Amino acid sequence: MSGIVEGLLSVATIWVYLGVAALVFAEDALFVGFVIPGETAAVLGGVDASRGHVSLPAIAAVVVLAAIVGDTVGYEVGKHLVGPKLLGHGRLDRHRHRIQDAQDFLARRGGWAVFLGRFTAFFRAVMPALAGSARMPYPRFLAFNAFGGVVWGIGFVVLGYLAGNSYKTVEQQVGRGAAFAAVGLVVVALVVLHVRRRRADRARELAD
């Protein structure tokens, strides 16, 4: 994490804003949430703000705007272009059960599925297109999309900001080694959680 942050600090501020915006936008608009977690970009933007390299309000606004616009593009793709065809592509067969879950969730919860889907990586990638394919009225979609984008965007940026300040505090109090160890434990915990989730998904797919 420290190496990534130091890399961000070495580039021009404008590229941090553009890079974070591009990652958050692409996750929602281009169905790449399977491989590009937008919350990672949001958190790193917050960490960068904690170092004084970018403005906290500005990076939060960038993330929120990119999230809302990305979802809107995903909605239009699902409604007018290739949403059903793309979501039915053979390469997504391994995610078929999860796509069906997302469709069922949308049918049950409507706009709230758009809001709540913002907080799960897979749903975040497919929910806008599903909403467009289902012909959800755009004003209703936009309201829940904007609500979710604001809560999610500000939340993860602030989380990164607090994490960055915590890292600096630990480093000042007990040294860089302990700070690296703390970050390492967090990373290991996230990796273990991710592996367990993937195994649970595979087990469920095999059971079906």
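**Exercises: a cavity and its salt bridges**

The second largest cavity has a volume of about 40 Å³, a volume being the space filled by probe spheres set on grid points joined across faces, edges and corners. A cavity is a set of points on a 1 Å grid over the protein atoms alone where a 1.4 Å probe fits but cannot get out, and lining residues have an atom within 4 Å of a point. The model is predicted: local features need pLDDT of at least 70, side-chain atom pairs count only at pLDDT 80 or more, and totals for chains, interfaces and linings use all residues. Residues are numbered from 1 along each chain as its sequence is written, and side-chain values use heavy atoms, with hydrogens and water left out.

**Exercise 1.** Determine which helix gives the most to the lining of the second largest cavity.

*Solution.*
1. The lining consists of D71, V114, G117, R118, F123, R124, M127 and P128.
2. Helices are DSSP runs (H or I, at least four residues), numbered from the N terminus; α7 (111-117) and α8 (121-133) each supply at least two lining residues.
3. The most comes from α8, with 4 residues.

**Exercise 2.** Identify the salt bridge partners of R124.

*Solution.*
1. A salt bridge requires a side-chain nitrogen of Lys or Arg within 4 Å of a carboxyl oxygen of Asp or Glu.
2. R124 meets E27 at 2.9 Å, N to O. E27 lies in helix α2 (residues 13-29) and R124 in helix α8, so the pair ties together parts 97 residues apart in sequence.
3. R124 also forms a salt bridge with E39, with the closest N and O atoms 2.2 Å apart.

Key: On a 1 Å grid over the protein atoms alone, a cavity is a set of points where a 1.4 Å probe fits but cannot get out, and a pocket is an open set with protein on both sides within 12 Å along at least five of seven lines; lining residues have an atom within 4 Å of a point.
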